[in-house]
Amino acid sequence: MRKLILAAVAGTAFALAGCSEKTEDAAATAADAAASDAAANVDAMATGAADAADDAADAVDAGATEAADTAAAAEAEAQDETKAEAKAD
């Protein structure tokens with residue numbers, strides 16, 4: 001009887017050990033997937049930030065060009081000359 005109980009306990013221990021190994025494998029797989037998703041999200045955010053910075057730089061360039069044209073037009077009118085002459089000054 002003792003041998004039967006000992007065998008049952010040993011069998012249960014092996015079954016639980018195998019089950020927890022499967023659980024550990026599943027947890028490791030889930031952790032790897034979560035890390036991969038996080039890395040992809042960081043890459044996407046970095047790309048979005050770079051695109052936004054490029055758009056902002058383009059807007060600043062356009063604004064600077066417009067401001068220079070407006071200043072040249074004002075100078076040209078004030079000095080009775082063309083915009084090209086005013087920009088050359």
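These legends accompany close-up views of a predicted model.

**Figure 1. Overview of the predicted protein chain.** The protein chain holds 2 helices and 0 strands. Helix H1 spans 2-79 and helix H2 spans 83-88. Of the 89 residues, 3% count as buried. The chain exposes about 7100 Å². Carbon and sulfur atoms supply 63% of that area.

**Figure 2. Asp80 in the loop between the helices.** Asp80 lies between helix H1 (2-79) and helix H2 (83-88). Its phi is near 55°. That is a positive value in a residue other than glycine. The relative accessible area of Asp80 is 74%. Asp80 counts as exposed because this value is over the 50% cut-off.

**Figure 3. Ala88 in helix H2, viewed with Ala72.** Ala88 is part of helix H2. Ala88 and Ala72 are 16 residues apart along the chain. Their C-alpha atoms are separated by 9.2 Å. Ala88 has a relative accessible area of 65%, so it is classed as exposed, the cut-off being over 50%.

**Figure 4. Asp89 and its contacts.** Asp89 sits in the segment after H2. Leaving aside neighbours within four places in sequence, Asp89 is in contact with Glu75, Gln79 and Glu81.

**Figure 5. Asp89 and Ala76, C-alpha to C-alpha.** In sequence, Asp89 and Ala76 are 13 residues apart. In space, the two C-alpha atoms are 10.0 Å apart. Asp89 belongs to the segment after H2.

Definitions and conventions:
Residues numbered from 1 in each chain as written. Predicted model: local features only at pLDDT ≥ 70, side-chain atom pairs only at ≥ 80, totals over all residues. Heavy atoms only, no water. Helix = DSSP H or I, 4+ residues; strand = E, 2+ residues; numbered from the N terminus. Buried < 20%, exposed > 50% of the residue type's maximum accessible area, 1.4 Å probe, protein only. Areas by Shrake-Rupley, 256 points an atom, 1.4 Å probe, with all protein chains shown as cover. Contact = heavy atoms within 4.5 Å.
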